[in-house]
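Look over the sequence and the model below before reading on.

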Amino acid sequence: MGDTPAVETKALTRIFEPKKKKEGKTVTALDRVDLRIEKGELFGLLGPNGAGKTTLLKILSTLLLPTSGKAYVAGFDLEKDFVEVRRRINMVSGGEISGYGLLTVRENLWMFTQFYGIKSRDAKDRIDSLLDQFGLSDKRDEKVRTLSTGQRQKMNVVRGFVTDPEIIFLDEPTLGLDVNASRVIRDYIIDWVAKGKDKTVLLTTHYMAEADQLCDRIAIIDEGKILACNTPANLKKMVRMNKTFTLDVTLLADKSVLGTVKGVDKFTYVDDAEKNLTHLKFVLTDESAVSDIVSDVLRNGSKIVSLQKTEPTLEDVFIKMVGKGFE
Amino acid sequence: MAIVSGLRTFKNAAWLGWEMEANWTDPFLFAIYSIVKPLAGTLILVFMYLVITQGETQTMFFSFMYVGNAFYMFVADVLFGVTWIIHDDREHYMTLKQVYIAPINFRNYIFGRSSITIAISSFGVLLTLIFGVLVLGVNIDFASVNWPLFIAALVLGLATLAIMGLALGGVTFLTAKHAMGINEGVAGIFYVLSGVIFPITILPGWAQSISKFLPVTYWMEGIRRGLEPSVVAQLGPATGLQGFSDLQLMFILVVTAIVFLFVSLGIFRYADKVARRKGKIDWTTAY
Amino acid sequence: MKDGWIKRNLRAVRGRAYPRVIGSTREPSWILFDVALPLLTVAAYAYIYKFMDAPKEFVGFVILGGAMTAFWLNILWSMASQLYWEKEIGNLSLYLMAPISRMSILAGMAVGGLFETTLRAASTMAIGILVFGIALSLSSPIMLIIVFIVTMISLYGMGMMFASLYLLFGREAYHMSNLMTEPIYLASGFYFPVKYLGFWAAAGASIIPITLGLDALRQLFYPTTGAAYRFLSTDAEAIILGILCVVFIVLSKLSLDYMEKLGKTSGRLTLRWQ
């Protein structure tokens with residue numbers, strides 16, 4: 001990782017004032033945000049709706065000026081050197097409706113490449129290659145208005161990557177997409193960062209699993225403030241020391257002995273007579289207690305149907321930080 | 001139930017139409033806009049006339065032209081308004097499909113939206129007439145206005161315009177972002193051929209034959225006979241419609257309104273079906 | 001390999017012109033509406049002059065004015081309000097993020113729309129001349145071309161300036177275009193010589209390039225009788241238009257930059273329906 005970060009913000013603040021007092025109140029969308037994203041990172045910004053994620057991205061992509069504080073992209077001051085910044089970035093938003101319905105996919109994409117100074121032939125080669133990778137080759141000559149939602153979003157993602165930016169901002173890129181489409185996009189993002197030299201991604205999302213899967217580091221943001229910034233594993237470690245296990249066994253008559261096993265902090269159960277199962281849930285201070293629990297279950301004549309270890313999730317992290325789940 | 005539902009749709013659409021027309025700026029600017037726009041359009045003709053007649057406005061022909069041009073605002077605004085509704089909802093706000101699939105009569109929605117256009121245009125027309133009478137000496141004697149004829153002609157004419165707008169709205173489903181072209185064209189046909197700013201007797205014979213098939217021709221005549229009977233009387237055969245009595249004129253207006261109702265409904269229904277078949281209800285055509 | 005600043009902006013012009021050109025070929029319904037139908041309004045005014053026994057050249061003035069409405073409407077609806085509409089359909093932020101001048105985007109729109117606009121204007125002229133039997137002089141073709149070019153450059157420069165204003169006026173954009181259609185037809189003397197508005201009104205209206213452009217074209221098309229209806233001489237008008245070219249291009253750059261900064265500060269630049 002180089003010395004110059006891909007993105008750096010210092011006490012970045014953005015306040016929105018209503019046009020007229022009666023039209024609403026002042027909103028602090030970003031509140032003294034300090035962030036540093038190194039080159040080559042796949043960085044996630046996690047937060048609920050209205051947390052300030054999109055506002056931050058708009059500032060970093062030169063669409064919005066901060067009220068105070070500083071921001072640098074690829075080492076360039078956003079306010080003074082925005083042209084240099086624009087040469088090095090691109091942005092894709094979820095649910096984007098940009099483009100012209102009358103043009104074909106290829107034509108739309110070509111048009112945008114021309115704004116980045118890419119020679120026509122090179123642009124067409126890149127477009128074709130990316131469309132192929134995203135499974136849109138057969139849609140190349142179809143008019144944009146005929147695309148499904150997932151296809152349109154894939155096209156938008158292609159538009160973002162076709163200019164080969166140093167830094168790409170992805171604002172909820174898989175919003176509203178099905179599993180396959182989302183997976184294609186995620187796989188491409190991972191691949192792009194891994195294979196590119198110092199390619200950086202700043203991804204906003206409120207899909208926990210997506211952030212967990214993709215990101216090297218995650219910042220949790222709420223009400224314009226960064227609450228935490230670390231790797232997903234370290235963030236989860238902040239939540240609890242205890243381990244949670246879920247054990248499904250055939251209907252267990254006597255459960256009392258399970259609560260007395262050494263290493264068991266808490267234990268709950270639910271009997272499902274219809275399925276002849278007992279669902280047991282343990283919070284353990286010592287993971288080795290699992291073997292004693294299994295022995296006790298078997299000794300009582302029950303059989304093990306399934307055993308699952310539940311790790312703390314990012315949602316757990318978020319709830320702990322913010323005190324609420326995602327709305 | 002259907003009537004109640006239809007009225008509710010009409011009312012809600014009218015409310016939306018008002019919000020769309022008036023909510024774009026503060027009331028003062030909206031008032032300026034509502035005054036300047038209609039007057040400016042009228043003054044083009046006024047200046048054209050003044051240039052040639054060296055400033056003389058107190059002539060029968062000037063009154064004829066002025067009144068026709070004032071009421072023509074309804075034609076332009078209603079026809080434009082309806083096509084713009086479809087275009088705007090579809091291309092800019094992308095709400096057309098949501099409205100379209102709602103359990104309402106879409107025609108009532110169009111009528112409701114265009115009713116506001118008529119209401120706003122009425123203000124412009126009235127303002128223009130007042131300006132003409134007070135400042136330019138347009139010959140309207142309120143004591144000799146034939147109110148029953150004028151009101152009947154006005155109502156029938158506006159209804160016919162709204163109905164024609166429906167047909168144009170249907171056509172707009174099928175065309176790209178050329179809504180202005182459609183309304184401009186159709187309104188232009190009326191402007192030239194319907195005796196709006198000059199009597200149809202100026203036109204070549206074949207054009208006059210077409211004029212006599214257009215409802216706006218009779219509408220203009222009915223408006224003038226009601227509002228400025230002395231002007232029409234003095235112009236006499238020059239108007240080209242002196243052979244029709246007031247009652248015949250009203251009858252023709254009623255018949256053309258009914259004919260256009262069926263024609264417009266037919267065009268709208270057909271265009272709607274084609275648009276649905278071709279997936280054009282929610283297409284976007286901006287470039 | 002990426003280009004330098006000039007090449008990049010020229011590519012951007014080409015890129016943005018492309019949808020306009022392709023759009024007009026893929027949806028050819030405009031041909032009927034833009035070619036045949038605008039002539040109707042022009043015909044109405046021509047008949048009015050005929051009815052009033054106006055001098056024959058007045059019918060020619062109407063045809064010329066009607067043809068030039070194509071350019072004015074293009075300025076209002078396809079340039080000035082275009083950035084606003086691009087915001088509504090979601091393209092504006094992508095344009096603003098790109099490392100190109102905003103003027104390149106607008107220039108691309110202008111170039112792309114030129115085909116349709118020119119065809120509309122030319123057809124109005126051609127059909128009007130044929131139908132009404134107008135005779136126009138082409139004795140000064142070079143001056144005609146010069147006047148036309150400087151009128152267009154200054155007009156489109158003004159359109160770019162409007163585009164920046166519209167970006168910030170937001171919802172008012174469509175209504176602004178509506179408001180500026182007929183008042184400008186009146187003030188700029190589209191259908192009658194502008195000098196009849198009075199010297200000061202005509203002088204004020206001359207800030208709209210099409211005012212002087214039309215006046216000069218009228219004199220060039222009617223060299224014998226045109227002088228009686230002129231506001232200023234064609235040479236003076238061509239010079240003023242040349243100055244307006246520079247003024248509007250500079251002003252448009254300044255206003256686009258200023259409005260963009262204002263929009264980014266207030267946060268309304270990419271907000272729809274603002």
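Is the crossing of helix 5 of chain B and helix 6 of chain B left-handed or right-handed? In this predicted model, the crossing is right-handed. Two packed helices are described by the angle between their axes and the distance between the axes. Here helix 5 (residues 106-135) and helix 6 (residues 147-174) of chain B have axes that come within 10 Å and cross at roughly 125°. Because of that angle, helix 5 of chain B is oblique to helix 6 of chain B.

From helix 5 of chain B, the residues B:Arg107, B:Ile110, B:Phe111, B:Ser114 and B:Ile118 take part, and they meet B:Leu158, B:Ala162, B:Gly165, B:Leu166 and B:Gly169 in helix 6 of chain B. By type, the residues of this contact are six nonpolar, three polar and one charged.

The next contact is between chains. Chain C puts in 30 residues and chain A 25 residues. On the side of chain C that touches chain A, helix 1 (5-26), helix 6 (92-97) and helix 13 (234-266) of chain C each supply at least two residues. Helix 1 of chain C gives the most, with 11 residues. That side of chain C divides into 13 nonpolar, eight polar and nine charged residues.

Two residues of chain A remain. A:Glu172 is not a glycine, yet has a positive phi of about 50°. A:Glu172 sits in the loop between strand 7 (167-171) and helix 6 (179-195) of chain A, and counts as partly exposed because it has 19 C-beta neighbours inside 10 Å. A:Glu223, also not a glycine, has a positive phi of about 50°. The loop between strand 9 (217-222) and strand 10 (225-230) of chain A holds A:Glu223. With 16 C-beta neighbours inside 10 Å, A:Glu223 is therefore partly exposed.

Note on methods
Residues numbered from 1 in each chain as written. Chains lettered and ligands numbered in written order. Predicted model: local features only at pLDDT ≥ 70, side-chain atom pairs only at ≥ 80, totals over all residues. Contact = placed C-beta atoms within 7 Å. Helix = DSSP H or I, 4+ residues; strand = E, 2+ residues; numbered from the N terminus. Nonpolar A, V, L, I, M, F, W, Y, C, P; charged D, E, K, R; others polar. Axes fitted to C-alpha atoms, helices over the stretch in contact; angles between N-to-C directions. Parallel < 35°, antiparallel > 145°, perpendicular 65-115°, else oblique. Left-handed = near helix turned anticlockwise from the far one by under 90°. Buried ≥ 20, exposed ≤ 12 C-beta atoms within 10 Å, placed from the backbone.
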